[in-house]
Amino acid sequence: MADFLTAYSIQNWLESCPQGYLMGTVYGHRPEDEEPAPLLENEVLREEAIRTTVQLVVGERCALAASSGLINAAPDEASKRFLATQTLDEARHVEIFTQRLLDLGVPKKDLESTIQHFANPNLVKFAEVLLEKVDKKDFVAGVVGQNIVLEGMAFSVFEMLHAVSEPTNPKFARMLSGTIADERRHVGFGENRIGSLIKQYPERKADVEKLQKEMSYWMLATFADAFRNNPARAEFKRIEGELSRAGVHAEWQGVDLLTKDPEEMEQILADTVLKEFKTRLSRIGIEYQTPDRP
Amino acid sequence: MTDPLQQESTTAKDLELESRPRQRFELEDTGFDEVPPRFRKFYRRWRGPGDQLAPNEVICPVCKVVIRSTRELRPGDRVYCMPCMSRLIVVRGEDGRLEARVAY
């Protein structure tokens, strides 16, 4: 077994995560933090926050199903233990983002119907492509799909949401920063484990490249729906203008997101994620496949 | 394991550098809380494209955290990124700055 696998221990996870950055948090945030009143009182913004949070729940439910499903397909004990910790991380993410839906005023009895109503069909397709590999117990494709493509996307999306939330919604920003910390371990496992496995099984490259291309397409289609066809864009523009005039900035990737149109934000996010995919995949010896643009 | 610098380069890849002793650095906690407390001073969050790295710092290409050592880093050094558990080798990038490559 490669030496790097020894770091994937439950003890390591306990010290870093529950005994570390999650210490004292309640559903991922400080106990005293609440959703800001201007968000809860503005029906357009509240519905948009629900829509965004539903996509996070859908993505995290997929990650939970994938990481738990991959445990029995893992070829070594250390990977099984790491994926067990990742399973708990993903279950926590599902729980905290579901709790946020309740905090935003979704009645408990309407939770599932709200998730179904707002879930982006392209994100659902993205999840189906990945879970098909997991169901077949295809560890190499499953880890690339889960820990490099899905987690790589989540990493950038969470960072972008964090940049916007930090000056406006400390509760959501804190939830996201804990999630980003978890994602660092997940992308690290994906790169390091597949980096060594792909050397052992070079014949798997073509299949993995096809998976990346397909998942990337559904990801871009999800971004397009979220930014281009967003029903709250006029209200967003008004709020962003107010925040900018008040001297509030949301810096990410060297730009102030509050000064950007939705199409520009989509472009920045898509370019960032695809560039990261390309860099990560080339590091582990997989050739990045440019997806079709929706 | 304490300092992320696990193994210093022993090959003289940069003769000018190798001829002088490595600088030492006092590290302070930067508020990075993603690793157990005893390791926190060895890491900090990257502040984006304008963030200047000190001679004892290198960015982890996997998770984008800045890794900090008590000693100056040089090409060929082996460092460890605890937040994402990656083993890295320090190299000199095309722009002359230090970068880290993942050792799979």
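Author: What follows is a walk across the contact between chain B and chain A. This is a predicted model, in which local features need pLDDT of at least 70 and side-chain atom pairs count only at pLDDT 80 or more, while totals for chains, interfaces and linings use all residues. Residues are numbered from 1 along each chain as its sequence is written, chains are lettered from A and ligands numbered from 1 in the order in which they are written, and side-chain values use heavy atoms, with hydrogens and water left out.

Counting contact as heavy atoms within 4.5 Å, the meeting place draws 30 residues from chain A and 21 residues from chain B. The size of an interface is often given as the accessible area lost when the parts come together. Here that buried area (the accessible area, with a 1.4 Å probe, that two parts lose on being put together, summed over both) is about 2000 Å², and carbon and sulfur atoms give 52% of it. Of the area that chain B buries against chain A, 39% is supplied by B:E34, B:M85 and B:Y104, more than by any other three residues.

B:E34 also takes part in a salt bridge, which is a side-chain nitrogen of Lys or Arg within 4 Å of a carboxyl oxygen of Asp or Glu; its side chain meets that of A:R184 at 2.6 Å, N to O. Between chain B and chain A the count is 3 salt bridges. By class, the side of chain B that touches chain A has 13 nonpolar, 7 charged and 1 polar residues, where Ala, Val, Leu, Ile, Met, Phe, Trp, Tyr, Cys and Pro count as nonpolar, Asp, Glu, Lys and Arg as charged, and the others, Gly among them, as polar.
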